[in-house]
Amino acid sequence: MGQACRGRGDGEHRGRLRQQFGCDWCGFNRESEAYAAAVHDAQIRHLGHVQPPSTSQPTANVLIPSFSHLTAKPTPEPEPAPKPKPKPKPKPKPAEPPAPPVTWYSSPPHRGETVRARFAPGNPRAIHWTVEPSTHPRLRDSALTNEERIADAEFHTRSYRELRDLLALLPSRLCALIDSLPNNAADRIDELILDLGAVPRLRFLTTSSPSTDEPRFIDLDAFGRVTAADLAHILDGRKFSSDRRGGIDGQLHRISWIADRDGKTRVGATLRVGRAAAPRTGLASVLLRDLVARGASLLIVGRPGTGKTHTLRDVCARLSESGQCVMVVDTSGEVSGMGSTPHAALHRCRRMHVPVRGDQHEVMLEAVQNHTPDIAAVDEIGTAREAGAARSISTRVGAVVATVHGSLASVLRNRELRDLVGGIAAATVGDFRAAQLGGRKTVAQRGGDAVFTVAVELVSRTEVRIVHDVNAFVDAVLDPTQTAWVERRRVIEGHRDVFEMVIEQYTEVKLGDVVV
């Protein structure tokens with residue numbers, strides 16, 4: 001075998017030449033060393049592995065064979081180094097949810113009124129809204145028409161006559177003692193309280209800021225102690241319902257009595273003076289006139305003596321004047337009066353009596369099923385069955401107007417009545433929401449839509465608090481990340497037709513107070 005050439009190359013090149021030509025390096029068996037060197041250099045240059053040989057190397061004058069029939073795999077270019085991935089930016093901490101926007105509401109003024117609004121000192125979210133008394137048309141006698149003057153005179157005459165009819169039921173000595181009180185105190189009586197063995201007591205109407213000159217209670221010590229004969233003089237011959245309530249036919253007064261342990265012996269009586277709202281001066285005409293114009297379902301909440309029934313009657317009268325058919329379910333006769341004919345204060349409203357107090361929920365359904373009113377009004381919803389009946393009839397009429405004892409806070413805490421404002425149910429939230437709530441996985445939320453769109457809490461007979469959207473209000477109360485707002489309206493002292501409005505934060509209910 002000939003001498004191997006001095007070629008250079010990689011392993012792949014050597015293996016290919018050895019297979020084809022039998023040479024360890026260049027594949028040619030030639031004795032000439034110069035020939036082998038020339039062949040090797042030409043071959044390597046053709047394959048592109050090495051640079052051409054230097055000119056100083058001696059070469060022979062020989063024929064160099066062609067290697068064009070050989071194909072070599074091109075050397076792949078090195079892949080570019082991958083660019084380093086940019087480091088992810090740290091995620092910013094979730095910002096606190098922004099405060100919910102505050103929706104401002106105000107009662108639309110009459111034409112020609114001047115309205116002044118200003119932010120409350122130290123509270124940029126509260127606004128005072130006031131109608132200028134000098135521009136209010138109802139504050140000037142010259143603005144009243146002849147028909148309005150006649151209506152006003154008839155109202156005052158009727159109110160005085162009804163008050164005298166109630167006082168005529170009392171023993172003559174007690175009636176004379178009340179008439180002798182100074183400053184026409186009889187015109188401001190709200191209730192007359194008579195308990196066996198105690199002196200009679202008078203309770204008067206109060207405002208949001210009662211003066212010290214007008215006490216709320218007066219004890220009639222000069223009369224002496226009430227006897228059984230005094231009670232019999234008032235109660236004998238009168239008709240009472242199953243809940244011991246009665247009255248005078250065609251009037252708004254309420255007469256109720258207290259039974260002894262045996263359920264028959266009368267040991268006390270309460271006479272409440274029923275008064276209709278004077279023309280253009282009731283809450284529905286002043287503080288709630290925009291709500292009446294909306295015609296939305298209205299829940300009136302208030303403690304005893306704040307004027308719930310009085311306000312319900314006034315709202316129903318204003319709704320009936322707008323041309324809507326209003327049906328009043330009157331349990332005790334306070335809304336429409338006792339007797340077969342409704343009181344004139346209801347205007348064009350219809351009414352249904354409730355013979356037995358426990359059957360009020362059935363009469364509510366009957367009123368809607370048999371008489372198809374546009375608006376149903378109910379006085380004193382107090383049980384779960386009545387709350388369920390209110391939800392049932394709310395789907396069949398245009399609106400529902402009702403009263404409930406207590407406050408907004410007490411309604412939310414009451415398991416039987418909270419369905420009126422949507423109810424409360426327990427729910428499990430995800431991890432993200434739980435982190436926002438401080439790690440709590442189980443939360444309280446509104447169970448459904450509220451029966452009533454708007455809620456009005458009567459603080460007094462001249463001041464109210466309004467919730468314009470009950471669903472949103474309950475959601476805000478139950479969500480610790482939100483703020484609940486209410487609108488407070490107050491009649492300006494000395495001007496019955498003008499009021500001041502303030503939007504304030506509601507803090508009377510906390511999450512721990514509400515039990516699911």
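Q: How many bridges join strand β4 to β5?
A: Strands of a sheet pair through backbone hydrogen bonds, either parallel or antiparallel. Here 3 bridges join β4 (residues 201-204) to β5, and the two run antiparallel. Leu202 stands opposite Ile218 in β5. Strands are DSSP runs of E, at least two residues, numbered from the N terminus, and two of them pair if DSSP finds at least two bridges between them. This is a predicted model: local features need pLDDT of at least 70, side-chain atom pairs count only at pLDDT 80 or more, and totals for chains, interfaces and linings use all residues. Residues are numbered from 1 along each chain as its sequence is written, and side-chain values use heavy atoms, with hydrogens and water left out.

Q: In what order do the strands of the open sheet lie?
A: The 6 strands follow the order β5-β4-β3-β8-β7-β6, with antiparallel pairing. At the edges are β5 (217-219) and β6 (245-246), each pairing on one side only.

Q: Which residue does Arg245 meet in a salt bridge?
A: Side chains of opposite charge can pair when their charged atoms come close. Arg245 meets Glu334 at 3.4 Å, N to O; a salt bridge puts a Lys or Arg side-chain nitrogen within 4 Å of an Asp or Glu carboxyl oxygen. Arg245 sits in strand β6 and Glu334 in the loop between β10 (326-330) and β11 (350-353), 89 residues apart.

Q: Is Arg465 buried or exposed?
A: Buried means under 20% relative accessible area, exposed over 50%, partly exposed in between (1.4 Å probe, protein chains only). Arg465 is buried, at 5%, while its salt-bridge partner Glu508 is partly exposed, at 39%. Arg465 also forms a salt bridge with Glu457 (3.1 Å).

Notes: Helices (H or I, at least four residues) and strands (E, at least two) are DSSP runs, numbered from the N terminus.
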